[in-house]
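This briefing covers the packing, aromatic pairs and voids of one protein model. Please have the structure open while reading.

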Amino acid sequence: MADEAHRPALVRTMEEVRARSEAWRCAGLRVGLVPTMGALHAGHVSLVRRARAECDRTVVSIFVNPLQFGPGEDFGRYPRRLDADMEVLREESVDAAYAPGVEAMYPAGATTRARVAELDEVLEGECRPGHFEGVATVVLKLFNSVRPDRAYFGQKDAQQARLVTRLARDLDTGIEVVVCPTVREPDGLALSSRNVYLGQDERRAALCLVRALTAANDGWMAGQRDTAALRAAMLDVLLAEALARVDYAEIVDEETFRPPGRLAVLAARIGATRLIDNHLLGRPLGQPA
Ligand code: AMP
């Protein structure tokens with residue numbers, strides 16, 4: 001168990017996180033940033049461990065970003081558990097948790113937004129208007145506050161990871177974006193803070209996402225390269241699940257997120273809970289090593 005000395009600093013202001021990070025960088029230490037919305041699970045922890053392995057100091061941001069939630073989405077009821085999260089970060093020997101308030105992040109009159117064109121027009125961008133503008137804006141603000149050497153994102157949110165990689169490059173941030181593999185439950189369900197919303201029947205129904213990805217992957221492994229056929233295999237599985245409502249299921253290019261390609265991406269609502277998942281076809285679908 002980590003001792004008191006490893007308790008992460010809980011930082012509430014941009015000025016303080018910037019000062020701490022700058023002091024580390026001036027001392028020649030490499031700084032890693034893991035942006036999260038909290039309710040930390042093993043998927044987040046995998047990012048934290050990668051950051052700890054590759055950097056000298058690790059900052060985890062915890063901020064439920066109102067800008068990336070649409071009207072009628074789950075901003076109000078999104079799980080917030082700072083105390084439990086701080087305990088996780090202590091166990092992982094994280095150096096600082098940056099948890100600013102909404103007013104500090106978006107003071108009145110702060111109307112500037114960041115946008116990654118084209119990539120934000122398809123799939124998640126199409127289903128959730130304004131979502132990626134909210135993501136790009138908060139990530140750029142976090143990058144500017146912490147000024148990390150590296151920032152860690154999960155492949156679970158593949159389109160977000162691509163968008164952030166492009167943002168970092170296009171705006172000359174000099175920050176290296178590292179994308180880490182999706183962590184799954186033993187039965188294949190991708191870990192997500194939103195899984196806590198699922199009732200017992202919904203939890204079982206949610207497995208249709210990974211089953212659909214498996215169907216596409218099996219097709220690919222058997223030599224199928226026709227995007228329409230691979231997509232149909234996914235839809236067959238999803239439509240057979242009575243509790244699921246499909247937003248999209250596509251086989252897309254990993255850069256543009258438009259078909260054709262090799263990345264199977266899907267989004268479905270299980271009851272009131274919207275889940276997303278993806279898989280790069282041709283790779284084994286399972287727990288990453
Ligand atoms: P969130 O708190 O949901 O905004 O996620 C914060 C970061 O953790 C994002 O980069 C996500 O892609 C990543 N993440 C969420 N779930 C997983 C997972 N199951 N495996 C790997 N990374 C994840």
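**Packing and voids in a predicted model**

Phe-153 is buried, its relative accessible area being 4%. The model is predicted. Within the largest nonpolar core, which has 44 residues, Phe-153 belongs to the group that touches the most other members, together with Val-59, Val-139, Phe-143 and Phe-257.

**Nonpolar cores**

- The largest core has 44 residues, and helix H6, spanning residues 131–146, supplies the largest share of them with nine.
- As a general background, nonpolar side chains in soluble globular proteins tend to be buried together.
- Phe-143 has a relative accessibility of 1%, which is under the 20% cut-off, so Phe-143 counts as buried.
- Beyond its neighbours within four places in sequence, Phe-143 is in contact with Leu-33, Pro-148, Ala-151, Phe-153, Val-164, Ala-168, Thr-173, Ile-175 and Val-177.

**Aromatic pairs**

- The count of aromatic pairs comes to four.
- Phe-63 and Tyr-106 form a tilted pair, because their ring centres are 6.1 Å apart and their planes stand at 50 degrees.
- This pair links distant parts of the chain, 43 residues apart: Phe-63 is in the loop between strand S3 (57–62) and helix H3 (82–91), and Tyr-106 is in the loop between helix H4 (102–105) and helix H5 (124–127).
- Both partners count as buried, with a relative accessibility of 6% for Phe-63 and 15% for Tyr-106.
- Phe-143 and Phe-153 make an edge-to-face pair, with 6.5 Å from centre to centre and 75 degrees between the planes.
- Here too the pair links distant parts of the chain: Phe-143 sits in helix H6 and Phe-153 in strand S5 (residues 150–154), ten residues apart.
- Phe-69, Phe-75 and Tyr-78 are linked into a cluster by ring pairs.

**Largest cavity**

- The model has one cavity of 30 Å³ or more, and the largest cavity has a volume of about 50 Å³.
- Its lining consists of Lys-156, Leu-189, Ala-190, Ser-192, Asn-195, Ala-206, Leu-209, Leu-275, Ile-276 and Asp-277.
- Six of the lining residues are nonpolar, two are polar and two are charged.
- Strand S9 (residues 273–280) gives the most to this lining, with three residues.

**Second largest pocket**

- The volume of the second largest pocket is about 530 Å³.
- At least two lining residues come from each of helix H7 (158–170), strand S6 (176–180) and strand S9.
- Helix H7 provides the largest share of the lining, four residues.
- By class, this lining has eleven nonpolar, seven polar and four charged residues.

**Gly-174**

- Gly-174 is located in the loop between H7 and S6.
- Is Gly-174 buried or exposed? Its relative accessible area is 73%, over the 50% cut-off, so Gly-174 is exposed.
- Not counting residues up to four places away in sequence, Gly-174 touches Asp-149 and Ala-168.
- Between Gly-174 and Arg-147 the C-alpha to C-alpha distance is 9.1 Å, while the two are 27 residues apart in sequence.

**Val-17**

- Val-17 lies in helix H1, which covers residues 14–26.
- With a relative accessibility of 1%, Val-17 counts as buried.
- Leaving aside neighbours within four places in sequence, Val-17 is in contact with Val-11, Val-59, Tyr-98, Ser-145 and Val-146. One of these contacts, Val-59, is also among the members of the largest core that touch the most others.
- Val-17 and Pro-100 are 83 residues apart along the chain, and their C-alpha atoms are separated by 9.7 Å.

Notes. Residues numbered from 1 in each chain as written. Predicted model: local features only at pLDDT ≥ 70, side-chain atom pairs only at ≥ 80, totals over all residues. Heavy atoms only, no water. Core = buried A, V, L, I, M, F, W, Y, C linked by side-chain atoms within 4.5 Å. Buried < 20%, exposed > 50% of the residue type's maximum accessible area, 1.4 Å probe, protein only. Contact = heavy atoms within 4.5 Å. 1 Å grid on protein atoms, 1.4 Å probe; cavity = no way out; pocket = protein on both sides within 12 Å on 5 of 7 lines; lining within 4 Å. Points joined across faces, edges and corners; volume = space filled by probe spheres on them. Nonpolar A, V, L, I, M, F, W, Y, C, P; charged D, E, K, R; others polar. Phe/Tyr/Trp six-rings, centres within 6.5 Å; stacked < 30°, edge-to-face > 60°.
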